[in-house]
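Hi,

Here is the structure I promised to pass on.

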Amino acid sequence: MPSYRVTLAIGALAAGTTPDAVLPAAARLVAEHAVVEAQDVRLLRGVPCAVVRFESEDDATAVVVRDATVHGLRDVVEIRSDVVTRRDGARWIPVA
């Protein structure tokens, strides 16, 4: 099964939300729809990003996972941008 990842650029946190709560929340939301393979926090161009890698049947299903994750986080954190990528050999190819 193909491997995908959703990368969420994190902005402002809602009152009462701690920074260390964002990644586990994102991973839980992904896990409602797919098998989570890994989770990580990265700085991309100085912006903190939550990255969750998961298995999905196809690109369309991976986009649904991304949409559900972004929707589920909307009350706790500002998502500045989001992208889904699919693993193709050693590269990650943007899907949406």
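R86 counts as partly exposed, because its relative accessibility is 23% (buried means under 20% relative accessible area, exposed over 50%, and partly exposed in between, with a 1.4 Å probe and protein chains only). Its salt-bridge partner is D59, and the closest N and O atoms of the two are 2.7 Å apart. By salt bridge I mean a side-chain nitrogen of Lys or Arg within 4 Å of a carboxyl oxygen of Asp or Glu. R86 sits in strand β4 and D59 in helix α2, so this pair ties together parts that are 27 residues apart in sequence. D59 is partly exposed too, as its relative accessible area is 29%.

Before you read on: this is a predicted model, in which local features need pLDDT of at least 70 and side-chain atom pairs count only at pLDDT 80 or more, while totals for chains, interfaces and linings use all residues. Residues are numbered from 1 along each chain as its sequence is written, and side-chain values use heavy atoms, with hydrogens and water left out.

How many salt bridges are there by this rule? The count comes to 5. Another one joins D67 to R66, again with 2.7 Å between the closest N and O atoms. R66 is buried, at 11% relative accessible area, whereas D67 is partly exposed at 40%. These two also belong to a network of salt bridges that links R66, D67 and D82. Then there is R42 with D40, where the closest N and O atoms are 3.3 Å apart. R42 is partly exposed at 34% relative accessibility, and D40 is partly exposed at 34%.

Now the fold. Helices (H or I, at least four residues) and strands (E, at least two) are DSSP runs, numbered from the N terminus, and two strands pair if DSSP finds at least two bridges between them. On that basis, 5 strands form an open, antiparallel sheet in the order β2-β3-β1-β4-β5. At the edges are β2 (36–44) and β5 (91–94), each pairing on one side only. β2 and β3 (residues 47–55) pair over 8 bridges, and L44 stands opposite V47 in β3.

Helix α1 (residues 19–31) packs on the sheet and touches β1 (3–13), β2, β3 and β4 (77–88). Helix α2 (residues 59–73) packs on the sheet as well, touching β1, β3 and β4. Contact here means heavy atoms within 4.5 Å.

Cheers

Notes: Axes are lines fitted to C-alpha atoms, for helices over the stretch in contact, and angles run from 0 to 180 degrees between N-to-C directions.
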